[in-house]
Structures are given as C-alpha cells and as structure tokens.
Amino acid sequence: MKRTLVIIALMVASCAAANRTLAVLQTHTDTGSLVDTTSPQVILPGTIFVSQEGAIYAIHDRSVGRLALPSGGAWIQPRPLPDGSLLVVRRFDEYSDLYRVSASGKVLNRLTNDGQSSTNGTLQLDHWILWAGVGPDGATVYFATDSPKPAPRQSYEVDFSLWSAPLSGSIAVGDDGVAGGTRWSVPDAYTGGDIEPVPLPDGDLLYASYANSGKGQVQSVLGLQTAPMSRMVSLTSPAQDCGSPAVAADGVTVAMVCSNGGQMADLEVATLEGSTLSAPRVLVANCLCNSPSWSPTGANLLYMDASDVDGNFGLWSIAGATNLHPGSPRRVTDASVDLDATSAAAWVSG
Amino acid sequence: MPRSRDFRARAAPRRRRASRQNGRRRVAGRALIVVGFALSILTGVVLYFLPAIQVALRDTGQANTSLGGDPQLQPVSASEHLSSTSPFTLLLLGSDSDSKFHGDYLTQSMILTRVDPVNRHVTMLSIPRDLWVRLCNGRNGKIDQAFLHGGAQCAIQTVENDLRVHVDYYAWIGLQGLVSVLDDLGGINVIANNPVMDDYYPADLSGGSPFDYERILVLPGAQHMSGTLALEYVRARHDDAYGDFARSQRQQQILIALRAKTKHISIADIPDLAASLGSDFQTDMSIGQVSGLLPIAGSVPLGAITQVVLLPPYTISEYVGGQDALMPDWALIRPEVAKYFPAAV
C-alpha cells in the first residue's frame, strides 16, 4: 500500500516536473535584456547608447548600464547633443514627446506635449515627433512630425513632414503646424511622408522621402534640400528604395539602407558631392539591417542587423567604413540581445 | 548443527515460499513502477498533444467547433499532395473576427497560394476583398462575402468558379489567432516598406468597444514585430495611397517572413501553436500535412516567391449597389491566373 502511494506520488511529481521543465524551457527561449548579458563582444571607445524594449542602455568599455529614465512609454532614438546630454523620444501608444536628458538618464527638460487627447478627448489631435537631431549650430533641432494634418473626421491623411525649431524652450506641435517652428517639407499624401532628417554642416537637410510611384508602390529616395520648403533633389532613385541616412563626421560620407523594393536590404555608403551622390558601395548585402550611425570621428559605422541565424537584432560595427576597403562587420552585442532596430545607436566620445 | 540443519531443513520451504512471494512482489512492484512511469509519460504526451489532437479531430470531420456550423470540408486523403512532389494550391483566408461581427465573418484577406515542392517555388495571389464576383450562391457580391454566406466551402467554390483555378486546401485565421501564432513563434522580422500610420485604426482587440478607434504607427525599415505590431502593419489602410492593395502586399510580406520561422519549427511545436490559435483557426489540412509544409516553406528561397496583386487594369473601382467595389476584367485576370496556377481548369 505504502509502495503504491509512493509510486502515485512519483507519477504526480514527474508530471509536475515535466510541466515545470517546459515552463523553464519556454522562459529560456526569450531574448535577453541587455544588462543581463555578458559584456560587449567588441570593445569600442566612448559610449554607445541603444534602445531595447523601451529602455535606453549605455555601453561603455566592458560595461552596460541602463539609464534611469522615468517609467512609462518607450524611450527610443537617442541623439547626442554637444553638451553631452541626449535628445530622446518618449513614445506612447498614440503619441510621442521629445525630451532632453543627461547621459545618466535624468530628465533635463521636456520639449513637446503631444498627448493632446488627454485633455480634449479627440485622439486624432495627438501627434508623433520622431527622428530628432541637432543642427550644426547646436541650437536648432530638426525632426519629423505628423503636423499639419486635417481636422479630425475630415480626412484619413496623416503623414510626416520635416520641421526645425529652437532647441531652447518648448516646441508646440498643433494640427496647423509647429508654433515658432520652420517647416521644411510637404509630404506626398498617404505615403508616410518625409522622415529621418539629417542636418548637414553647410545647412542643407538630408532625409528620406516616401512617394507614390503611381505603379502600385510607395518608394523612398534620399532627398536633399538647401533651404526650408525649397525643391527636393533626389539623391537616389525610387527603384533603389533607400532610407535611414546617416552622415559621417567628414560631412560627405552617407550611409544608407536600400531594399530595392525587396524583402532584404543592402547597407551602403556613398559620397555626397554637392547635390549628387556618388555610386554607392555595398558594405553588407542581403541583410535585415537598419539604422546606421557613425562614430564621433566618422571612421566606424554602427548599425542594427538580424541576419544571423538567431534572428535577433544586434548592434554591429564596421571599422573604417569610409574607406575603400573597410573592415569586416563585427557584432558588438551578445547574440541573445534583440535591440530596437528602428532606433539608431548614438555614439559619443568619452 | 543438527538443530540448525533441521531448522534450515524446516525453514527452507518457508524461505522458498517467502522468496517466491517476495520475487512476485518485486516483479509486481517493478511492473507497477514501469506501468506508472509509462502512464505518466503517456499522460504527459496526451496532455501535451491534446490541442493538436483536438484540431485533428475537428479537421477530420469529427467535430466542428467554430464559425457557427460551417459546412466542413471532406477530410483529405492522407497527405497525398504534401507527401508527393505534386504542386498544390492553398487558399489562405483572414477575417476580422472581433466581437462586432458576432461570428458572421467576412474575409478581409484572401491569398491564393501555389506551392511547387520540387522546384521550390511559391506563388501568392492576393484577391482583393472588394472584388465584385458571382458568389457560390449564384448572387453577385463582393468576394469577401463568400465566407459569410457559406464558410470556407463557399469561399473555395467562388474562387474556383471565378478564377478558374482548383483549390486543394484552405486555411482560415482570425485576428486574435494571427496575433497569438506570431507571438508564439517569437515574432517575425520584417522590412516595413514605409511608415504605416492610421488615426482611425479599429481598437477592437483591446477589450473596449469594438467600434472604438486608436492611432497606430509602424516605423519603416527592418525590425522585429510582435503579433500585435504585425497585425497593425497588415491591417492599417486609411492613410495609404493604395489602400487594400498595399495591405495585400504587406500581408504577403508577413507570410514571407513567417517562412523564415518555419526553419525553427518542428512537429512538436504544433500542439502549442494549435492551442494558441484555438477557434481562431480552421483548415482542412491534417497536422501531418501542416508539418509537411514546414520544410517546404523553409526551403523556398526568397527569389523563388512570386507575389501577385490585382492592381488596375486588372480591376477597376466602381460604385455598385450602393457600395465601392472592384470590377474584375476577367479577360486579363484569367490568363494571368492560368499562367501562375497552371493546374487551372
């Protein structure tokens, strides 16, 4: 009798153990948090800020630390400022705001208040602000926002256009535009519009512009403008379908991601020569890559890529990417880390 | 010594009896342990594969638990197509299956797929949901209503009759099912073609009123998508120059991205996937056939996938019967379908 009870107990225990084992195995298939993983696989000088699951992490030497940002929303797209602080987007489900924070994550000031529906109850009055970057004067911020747009229930159109505004003070984004801001572009309707502005040293603005091909596709080109609302010069063809521009410290080497309308992309670099772009050189072909960004000196290129067998978006580095013979891509983060691929890394010296 | 010998002599039969009894007990005990462990293993296996078994029973006509008593297709004979090298066609159907439809589902997504295992080639033809056709019941209407009128059987008949093509299998999935299966697979990696924005996206899966709106934004470029984000990507249409056509292209993108995931799925994963899909999934394929699809899907190179969308001039927008519809130019469409689906009758 006692033996029978022991056997029954063993059966129950084995079932419970199997169930627990399954649960543990399932847990282990999840991707790792950046701070939980081993130190960076490649040691790079300075500090690199990346975004993962709504948090910003700083990679410095062999250590990884999480910025102590307030909870709520997803903190994405860090951009370095000349004083060592960062511009960071805080994205919520239906709007986003722009913040300036210290390198440790202390909020220095909030630049926008785009969650308008919290007071007026009409969610179409909310706004997005994304891809912020500071201009060569260090005092002007460039960004993409879904303003202006038609009044609620008048139209379905909502597209990004490019604006600039003083970095000091607040930026009032409304349905009619950005109060006190300068409008740079008018988007092609119902395409997503103009995004990813990169202010150049000479005052020009480089960006990705989406347009209706008229043949059943929306395609993007890299566009260049010399002044607000001036005519955009296309630097790439619609068939190349290029976006994610990033300009090296030399001011002329442009990194970009081109999908050629396909399901995979190429990471390319080209040289900006006035209002034309040289023939591109492919650094990484047939990749799931996105969001290139340059080192402060402009020699090394960072980007996100999930082409490895694990399928996680890791941070990758190419040394001497401006050279004719760049180094081989090296994975910086641990293979289990899955970063936000739409959020470019910010690399600062020191 | 004699006493002890006698004792041994007397004691020997009892010990032999006791030994035989102990032996039988040991054998019985060991047998019980073995049976116990076997039972526990069997129980575990049954519990683990229970969802798959339920799906298998349902799909072989033993039970029909979803979609309000749709006529169930006849069970297919044992994986004759997937085990052989013959090309086969699969009609993929997707419905907004949230509470505002009360089980009366249209098919917002219809993708006719042809798989050629030998040549490792896949063709995907998106059939616009607004395509004005003769339905299986003989009436004219939008093709998305076929499923509403007669379930998968009517959708298949309508596609077969109007496009002059043979459909071997079908698979239907609801909104929540799509989210669940993508999440169970750990999400997918996709290159979003452009910023996908919608200020009037239906907030029908967030638990509130199914008639509410929400704002969504999917950023462009390569990224990892959860089930919810992928659903937003394939479902948003209001701020889109090509509306449903663009949505169809994005739906095909998700299917292609799923192909990469199939390399990491084995038959052992199917029970979990089936469980998460629940009543939000229906097919006339058996589990063996679904598992047979996995290596085929995983081995098809990206360049061997043909994507077809019936843009103008194949279709023309018109206002018919008080609603916007797409009028088909069959003289253009049918030869194209015959070209991509050569088994067409």
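In what order do the four strands of the open sheet in chain A lie? In this predicted model, the order is 23-24-25-26, and the pairing is antiparallel. The edges of the sheet are formed by strand 23 (289-294) and strand 26 (330-331) of chain A, each of which pairs on one side only.

Strand 26 of chain A finds its partner in strand 25 (residues 314-318) of chain A; the two run in the antiparallel sense and are joined over two bridges. Within this pairing, A:Arg330 of strand 26 of chain A stands opposite A:Ser317.

Strand 24 of chain A, which spans residues 301-305, includes A:Tyr303. A:Tyr303 has 29 other C-beta atoms within 10 Å and is therefore buried, the threshold for a buried residue being 20 or more.

For chain B, the overall composition was examined. The secondary structure of chain B consists of nine helices and 14 strands. Chain B has 345 residues, of which 43% are buried. Of the contacts in chain B between residues at least 6 apart in sequence, 67% join residues at least 24 apart.

Terms used
Residues are numbered from 1 along each chain as its sequence is written. Chains are lettered from A and ligands numbered from 1 in the order in which they are written. This is a predicted model: local features need pLDDT of at least 70, side-chain atom pairs count only at pLDDT 80 or more; totals for chains, interfaces and linings use all residues. A residue is buried if 20 or more other C-beta atoms lie within 10 Å of its own, exposed if 12 or fewer, and partly exposed in between; C-beta atoms are placed from the backbone. Two residues are in contact if their C-beta atoms, placed from the backbone, lie within 7 Å. Two strands pair if DSSP finds at least two bridges between them.
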